[in-house]
Amino acid sequence: MESLPLISATMVSSAPAKDVTPEPNSNTIEWHSRRCTWGGPMSLHRVLCMQGGDDDGSYAKNSDATASAITLSKPLLLNAIRSMKLFLTSKHDDSLRVADLGCATGYNTLATVNMVVEGLRKRQRYFAAGVPGSFYHRLFPRAKLHVAVSLSALHWLSQIPEEVTDKSSPAWNKGRAWIDGAKEEVVEAYARRSEEDLDNFLRCRKEEIVEGGVLFMLMGGRPSSQQPCDQLGDPDSRDKHPFTTSMDRAWQDLLDEGLIDEETRDGFNIPAYMRSMEEVERAMAKCGGFEIQRMEYRRIREHSEEKQEEWARDPASYGLSKANLVRATLGPIVEAHLGRSLSHELFDRFRRRVSAELGLLAKTRFYGVIVVCAIRK
């Protein structure tokens, strides 16, 4: 029976950041004046990861939206695997190699792995291994991967654009944690960073995937009609998205309470960018070496109507749920920026803000994803 070495490559290292200052003894502004930033190209990958563990604030307990995206992509991925034409390079190379690029913790990673294994023509034994490092760099030997999958990871950037973290730059993102609705210079800087990252990702996979192998990508995205400054689309989605209004207000609360200064607030930026299909298609054409079998944009509802009704009866539980979600997603990079104590304070202010905004419960948020299936030529 053939073996299937299944390689699950992580997008970030789980090792603690060497350039993060230890937690201060008190919540003082002096702490922020001597803090170490993580926006540089050599440091963000050390702290950009989903929150580990299995408590209420962990990614494992707050990844329902990602699970929905995986469920959405399953038929497309399985069809691609069943139709691909694999061949082995020599009689001594009797294994298939699969990489899950940008995996996190919990059930979703295991579900992705299981989906790919089940999609192969017959049941096989397999070996699993973790490969640390950024998937914006080479991770595997040349022409060794048969299937490379990246689900809900490619919208995370390799770093914050340098000009966005420069207080003297026109792209200094004052008063915001993210770019939806931000000024033109900020959005353009993010778009350039996104373009370079996707170029790097595709170039590396082009080297690593065998001829006839599959590259399957699912990433946060936006419709073709939306400009980069409009990352989320409709007003309800913008109001409810954890990266936007409630997040900015939570940071402002810390500032108003004297727990942080303006530079600390403005120095934090969320390293995410929702691409359009045109941006993805342009990057694929620039890279070459891949034939796009299918590419589409889909819109997914945040949660069920039943869940929305349940939260409407208990707004406090809704606020806690959304705070746990944002902690699961942003916890490590917030803590690297603020320290553990102030990180807790920020998420608590976020919880309070969401719980008090009863109008949010009547709104429905959607998030967009782009699905791409390509064959290595």
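**Exercise 1. Describe how helix 7 and helix 11 pack in this predicted model.**

*Solution.* 
Step 1: find the helices. Helix 7 covers residues 245–256, and helix 11 covers residues 315–338. Helices are DSSP runs of H or I with at least four residues, strands are runs of E with at least two, and both are numbered from the N terminus.

Step 2: Two packed helices are described by the angle between their axes and the distance between the axes. Here the axes come within 14 Å and cross at roughly 35°. (Axes are lines fitted to C-alpha atoms, for helices over the stretch in contact; angles run from 0 to 180 degrees between N-to-C directions.)

Step 3: Helix 7 passes helix 11 in a right-handed crossing. (Right-handed means the near helix is turned clockwise from the far one by less than a right angle; anticlockwise is left-handed.)

Step 4: list the residues that meet. Helix 7 brings M247, W251 and L254, while helix 11 brings V326, L330, H337 and L338. Contact means heavy atoms within 4.5 Å.

Step 5: sort them by class. This contact has six nonpolar, one polar and no charged residues. (Nonpolar: Ala, Val, Leu, Ile, Met, Phe, Trp, Tyr, Cys and Pro; charged: Asp, Glu, Lys and Arg; polar: the others, Gly among them.)

**Before going on.** Residues are numbered from 1 along each chain as its sequence is written. Local features need pLDDT of at least 70, side-chain atom pairs count only at pLDDT 80 or more, totals for chains, interfaces and linings use all residues, and side-chain values use heavy atoms, with hydrogens and water left out.

**Exercise 2. Find what the salt bridge of K174 and D266 ties together.**

*Solution.* 
Step 1: check the gap. The two side chains meet at 3.4 Å, N to O. A salt bridge is a side-chain nitrogen of Lys or Arg within 4 Å of a carboxyl oxygen of Asp or Glu.

Step 2: K174 lies in the loop between strand 4 (145–151) and helix 5 (184–208), and D266 lies in helix 8 (residues 262–266), so the pair ties together parts 92 residues apart in sequence.

Step 3: K174 is partly exposed, with a relative accessible area of 48%. D266 is buried, at 2%. (Buried means under 20% relative accessible area, exposed over 50%, partly exposed in between; 1.4 Å probe, protein chains only.)

**Exercise 3. Name the network that D348 and R349 belong to.**

*Solution.* 
Step 1: start with the pair. D348 and R349 form a salt bridge, at 3.5 Å from N to O.

Step 2: D348 is buried at 16% relative accessible area. R349 is buried at 6%.

Step 3: follow the shared partners. Salt bridges join E257, E345, D348, R349, R351 and R352 into one network. The whole structure has 29 salt bridges.

**Exercise 4. Locate R376 and its contacts.**

*Solution.* 
Step 1: R376 is in strand 7 (residues 366–376). R376 counts as buried, at 16% relative accessibility.

Step 2: look beyond four places in sequence. The contacts of R376 include K206, I209, E211 and F290.

Step 3: compare sequence and space. R376 and F290 are 86 residues apart in sequence, and their C-alpha atoms are 4.6 Å apart.

**Exercise 5. Decide where to read the model with care.**

*Solution.* 
Step 1: take the average. Mean pLDDT is 80, and 73% of residues reach 70 or more. (pLDDT is the predictor's confidence in each residue, from 0 to 100.)

Step 2: pLDDT stays under 50 over residues 1–8 and over residues 10–42.

Step 3: conclude. Where pLDDT is low, the predicted coordinates should not be read in detail.
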